[in-house]
Amino acid sequence: MGKEVCAAKRAKVSVMTLASIPKWGDACTRERCAACHQPSPVGFHVPNDVWEAVVHPSLRNSILCLPCFVSRADEKFIAWDEVIGLYPVSLRTVLDRRVALTTQQAGEKG
Ligand SMILES: [Zn+2]
């Protein structure tokens, strides 16, 4: 984890605005799938009944990537294509949101 080279850091993307983030290790990646541990560049949402039918209880409160969700849904022969909503997430957007959240939290403490 700690030895992972951060793409944003390497590219010197907004390093100044990221200075408030306490841990680079958490800040440099997109959300990771709890099943395959790969960063997930495309987020999605499905209705709760579909999520609960597809995803094992041990993973329901975690993040799954689209391929992991799809393979589980198809294994169970559950139709997901009509109800899924997709949203692409760039690394920049993830980092901007975390900066905003960190700033907000710092404001609440002070
Ligand atoms: Zn996955």
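The structure discussed here is a predicted model.

**Overall arrangement**

The protein contains five helices and two strands. Along the sequence, these elements follow the order α-α-β-α-α-β-α. Among contacts between residues at least 6 apart in sequence, 65% join residues at least 24 apart.

**Confidence**

The protein has a mean pLDDT of 78, and 72% of its residues reach 70 or more. Over residues 1-28, however, the pLDDT is below 50, and this stretch has 28 contacts in the model beyond near neighbours in sequence. Where pLDDT is low, predicted coordinates should not be read in detail.

**The nonpolar core**

Of the 110 residues of the protein, 9% count as buried. The largest nonpolar core has seven residues: Val54, Val55, Leu64, Cys65, Phe69, Ala73 and Trp80. In soluble globular proteins, nonpolar side chains tend to be buried together. One member of this core, Val55, touches Arg60, Leu64 and Arg72 when residues up to four places away in sequence are left out.

**Exposed residues in loops**

Pro47 is in the loop between β1 (42-45) and α3 (48-54). Is Pro47 buried or exposed? Pro47 counts as exposed because it has 12 C-beta neighbours inside 10 Å, and a residue with 12 or fewer is classed in this way. The C-alpha atom of Pro47 is separated by 7.0 Å from that of Val83, although the two residues are 36 residues apart along the chain.

His56 belongs to the loop between α3 and α4 (66-75). With 11 C-beta neighbours inside 10 Å, His56 is therefore exposed. The C-alpha atoms of His56 and Arg72 are separated by 9.2 Å, and these residues are 16 residues apart along the chain.

**Positive phi values**

Most residues other than glycine have a negative phi. Which value does phi take in His37? In His37, phi is near 65°, a positive value in a residue other than glycine. His37 lies in the loop between α2 (24-27) and β1. Phe77 also has a positive phi, near 60°. The table lists the surroundings of both residues.

| Residue | C-beta neighbours within 10 Å | Class |
|---|---|---|
| Phe77 | 6 | exposed |

Definitions and conventions: Residues numbered from 1 in each chain as written. Predicted model: local features only at pLDDT ≥ 70, side-chain atom pairs only at ≥ 80, totals over all residues. Core = buried A, V, L, I, M, F, W, Y, C linked by C-beta atoms within 7 Å. Buried ≥ 20, exposed ≤ 12 C-beta atoms within 10 Å, placed from the backbone. Contact = placed C-beta atoms within 7 Å. Helix = DSSP H or I, 4+ residues; strand = E, 2+ residues; numbered from the N terminus. pLDDT = per-residue confidence, 0-100.
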